[in-house]
Each structure stands twice: as C-alpha cells, then as structure tokens.
Amino acid sequence: DSGGRGVGRSQHQENVEYLYASLKQVYKKAFLPLEEYYSFPDFFSPTMSDNDIDAKPFVLLLGQYSVGKTSFINHLLGDRPQGYPGSNVGPEPTTDRFMAIMHGKEDRVLPGNAVAVSPGKPFRGLQIFGNAFLQKFQCAEMNSEILESMTLIDTPGVLSGEKQRIGRNYDMSNVCKWFAERSDLILILFDAHKLDISDELKTVIEGLRGHDDKIRIVLNKADQVNPQQLMRVYGALMWSLGKVFKTPEVTRVYISSFWRREYAANGAQSTILFDREKDDLFRDLRDIPKNAAVRRVNELVKRARTAKVHSLVCACLRKMMPAMFGKDKKQKELLSNLEIIFQAVAQEHGISPGDFPDTEIYREKLVRWTGTGRNLSSLPKLNKELVKRLDDCLANDIPALLRPLAMGNEGNEWERGGASAAHQLDQPAHSAAFDVSTQDESEDAAAWAMLARQAAGRSDEDGDVSWEGVKSLHRPAKQGAQPPQANPKGGHYDREQP
C-alpha cells in the first residue's frame, strides 16, 4: 500500500510541475500582452515573473507588537534555542523589519536589496517600494523540513499612535497588501491582553479586502487567563473584529498558546481545548502545499478577471473623451461619475458587478495616472483580439490544466480545493460600487438593458459609449414617469448630444 501511495504522490508532483510550467506559458501568451497594453501594473500589481508563479506558498503573519508572531514561527520550526536566523524575541517591539524565512542548506541572513534582485527568489516585485523599504526587509535561510514546502513571512509589530506610524518611511499597508496577494494563508495574531485594534492595524486589515478566504485569526497566549476570562476575551475579540471585517461570515479563530513552554496555571483547565485548537491550525498549515497549485490557478483567474475589467473601463473612458475641446472638464466629469461608467461597462459586456475594483481606490489611481501630464484620451483603445485571447484562455486553457490534477489519487481534495477557481467565473466577490441601495427597484429591467446597449453603441466596431446615454442610467425618474425607451432612430447616441 505504501508503495502505491508513493507512486501516487510522484505522479501528483509531476502533474503539479506540469501545471506550473503550463501556467507560465499561458500567462505570457494571454495575460502579459493585455497587462502591458493597458498599463495594468500602474493600477494594480506588477507583472508576474516565472518565480512568482512557481514560488512556494507564503504564510503571512500580522499583528501588533509582542503578540507572539516570532515565537509562533520559532515554535513551528521546532523551537530552536536561538530561533530562526536574525530573529529576536521580547516584550518590546523587537522585529523591526519584514523577514522572509525560507529553506536553505545553512543558516544565513540576506539583505533586502540583494534578495529583491535575486533571480531565484520571488521578491522582484518589492522593488516598487524603493530602497527605504528594502533596507527593512531581509531573507533568513535555514535547513528546516517545513520550509521545504512553504515560506513564512514575519512582519514588524503594527504600532498604535500617530507618532510611531509617521516614523515609518514606507507604506506598511501597501507592503502587507503585496504579500497578501501572494500568500496562501494570512494569520492575524492577537494577545489575550491586547485586543484593541489600532488605526494602523485597521488600515492593514482593510488592505486585505478581497483575501478574506485566506485570513485566520490566532488568539495567542490564551493560557494566561482562566476559562471564564477566556470566554469574555473571545467575545471582546469577535466584537472588535466585527467592526473591521465587513463580511457576514465568521472568521475562523484559533485559541491556544503557541510556544515551547508549558501552559500557565490559569489555563490548566483548558488544556484539551488548546491542544485541539493547535492541532487544527497545524493541520491547516500542512494542507497548504497540497492545495497550493489550485490556489495559484485561483489567483491567476482573479487577476485575469481584474485585467479584463480594467481594459474595458479604460477603453470606455477613452471613447467618452472629446476629440478636441473640453477635455479637462469632461475628464473631471467622468472621474466623478466612475460608478456610472462601471455599470455601463457591466451591462454592455455582461460582466458581474463583483468583478469591478473599489470605486474610490480606482478613482485615486486614475487621478494619479492622469497627474503625470496625461489625460484619459491617452488610455488605449479597446483591443478586441487581446480580450478574446484572455477569454479563450479562461474558457479552455485553464480548465484543461486543472483536469490532470482532478484525475490523480488525491482528486477529491484537489477538486474541493479547485472549486474556488472553477466558480470564480460565476461567484464574484461583492463590490461596494454596486450596492443594492444605489439601484432603483422600480426600474424596468428590459428598458434599462435596451438603453445600455444603445448607449454603448453595439453597432460601433470599437464599442463606442455615449456619455449622455450612460448618464441617463442614473438619472432620477420623475414621479409617474415611464422607464426609458430605446432611441427610435436606432444606433447610438451622439457623443456631444445635449
């Protein structure tokens, strides 16, 4: 039996390696051309390298200072007396830099600038944060079995207070967001005696929006309180989290004490609970490598959907800009009504509202992009060939790559893990730009759809969109007024029509 399982694992590993090699080709063929054409890195994340695609899974640890992040990692790595290379443990804010703990033949610490340009490591994208951040980033290598299948990311303790936050010379939230996009699991640690969520920690957690499925909460040092106090601490923690996580689902919370020492006397009655919670968390960590390949596909599918929406919005904004005069006025009008643009694109191209980015964040990036001497007329036109190539990839290439994994010995687990990637096409996340509260329930759906098609100008080869037609999508209806009717003349509204 053991021999059969060994063969299965070997075949499974071959399938995973084939998947990664194929994903690199698919990305270069269908993803990269569209991202470069529409300046995707200026609005979202940098283009991906081969190392980004086949990198080991990341586990990101976040939390305020002295909640036990570094002790947790050392416990996971076997409780070496000296800890991992470069680690420091204490009650004060000891970890003052980002540390990537990776597998290596010998213990050593590599500086951030060298790691960011190393061809064998997946940190090239960190160069966008500049030298100020790279001086606060290091890579620790050590020979550990668990690091053969994953990379751990230790982070500085999130501080409270305006003075400490101003002292950072890099954007903590954006750096954490960069790591979160590439992580398979995000652990946010709390101390049983430190349940408050500081302003900086709140900003960091809000930056994790869109990665809710990766987040787990760890209530550490739970043995420092007795069972009655623990019940109150747990309730207070959930109350605090409820104000930050804007989701109806309850975030999984692990309650234990993660270090090499015995449980304290206060927690002696909860020993069984602590052990079971610790086993559950370690089981989740062990499952990460097994599901890493499918999660990588899942992330690429999310990236593809974002890139497609970005390309359609850019083309729509360009089409609405006047050819000669009044560009500045029109640009301000378009940027202030970005929600309407999103709805017009969604209705015209049959895209789910959940695929669109956050309106405010996207508006800020457009303002920053146009502040470099460019205007919305500089955005590229709609390239139907690139969009079709991406659609064909999502419809055919990606499902074909997942098929060998689902047919392996661990097929059931892969299929369960891959369900997220498969249903990405039908189960998008919620977007604030499309709250039901912004919709008029009395609208006649058929008439609005007809107006959207007419406003978008299907007869136009480039997908021209009329600003007046689009604006009417949100024009308040007068008392007793009928739903909008289609243009009796057919075609699309003239761009300059009053």
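Is arginine 363 buried or exposed? In this predicted model, arginine 363 is buried, with a relative accessible area of 14%; the value falls under the 20% limit that defines the buried class. Despite this cover, the side chain of arginine 363 meets that of glutamate 339 in a salt bridge, with a distance of 3.3 Å from N to O. The pair links distant parts of the chain, since glutamate 339 belongs to helix 13 and arginine 363 to helix 14, 24 residues apart. Glutamate 339, for its part, counts as partly exposed at 25% relative accessibility.

This contact is one of 26 salt bridges counted in the model. Two further examples involve helix 15. Aspartate 397 forms a salt bridge with lysine 29, and the closest N and O atoms are 2.9 Å apart. Here too the pair links distant parts of the chain: aspartate 397 lies in helix 15 and lysine 29 in helix 1, a separation of 368 residues. Aspartate 397 is partly exposed, with a relative accessible area of 23%, and lysine 29 is also partly exposed, at 43%.

The other example joins lysine 308 to aspartate 391, with the closest N and O atoms 3.0 Å apart. Lysine 308 is in helix 11 and aspartate 391 in helix 15, so that distant parts of the chain, 83 residues apart, are linked. Aspartate 391 has a relative accessibility of 27% and counts as partly exposed. Elsewhere, salt bridges that share partners join Asp184, Asp213, Arg295 and Arg296 into one network.

In soluble globular proteins, nonpolar side chains tend to be buried together.

Attention may now turn to the surface. Which residues gather in a patch of positive charge there? The patch consists of Lys202, Arg209, Lys243 and Lys246. Lysine 246 sits in the loop between helix 10 (227–242) and strand 8 (253–255). With a relative accessible area of 61%, lysine 246 is exposed, because the value is over the 50% limit for that class. Lysine 246 and arginine 209 are 37 residues apart along the chain, and their C-alpha atoms are separated by 8.9 Å.

The loop between helix 10 and strand 8 also holds glutamate 249. This glutamate is exposed as well, with a relative accessible area of 55%. From glutamate 249 to aspartate 212 the distance is 9.4 Å, C-alpha to C-alpha, while the two residues are 37 residues apart in sequence.

Two residues in other loops deserve a note on backbone geometry. Serine 66 has a phi near 60°, a positive value in a residue other than glycine. Serine 66 is placed in the loop between strand 1 (58–63) and helix 4 (69–76), and is buried, with a relative accessible area of 18%. Lysine 221 likewise has a positive phi, of about 55°, although it is not a glycine. The loop that contains lysine 221 runs between strand 7 (215–220) and helix 10. Lysine 221 is partly exposed, at 22% relative accessible area.

Methionine 48 is found between helix 2 and helix 3 (50–54). Is methionine 48 buried or exposed? Its relative accessible area is 18%, and methionine 48 is therefore buried, as the limit for that class is 20%.

How values were computed. Residues are numbered from 1 along each chain as its sequence is written. This is a predicted model: local features need pLDDT of at least 70, side-chain atom pairs count only at pLDDT 80 or more; totals for chains, interfaces and linings use all residues. Side-chain values use heavy atoms; hydrogens and water are left out. Patches are made of residues with over 30% relative accessible area and no salt bridge: like charges are joined within 9 Å, nonpolar side chains (Val, Leu, Ile, Met, Phe, Trp, Tyr) within 5 Å. Accessible areas come from the Shrake-Rupley method with a 1.4 Å probe; for residues, only the protein chains shown count as cover. A salt bridge is a side-chain nitrogen of Lys or Arg within 4 Å of a carboxyl oxygen of Asp or Glu. Lys and Arg count as positive and Asp and Glu as negative; His and the chain ends are not counted. The place of a charge is taken as NZ of Lys, CZ of Arg, CG of Asp or CD of Glu. Helices (H or I, at least four residues) and strands (E, at least two) are DSSP runs, numbered from the N terminus. Buried means under 20% relative accessible area, exposed over 50%, partly exposed in between (1.4 Å probe, protein chains only).
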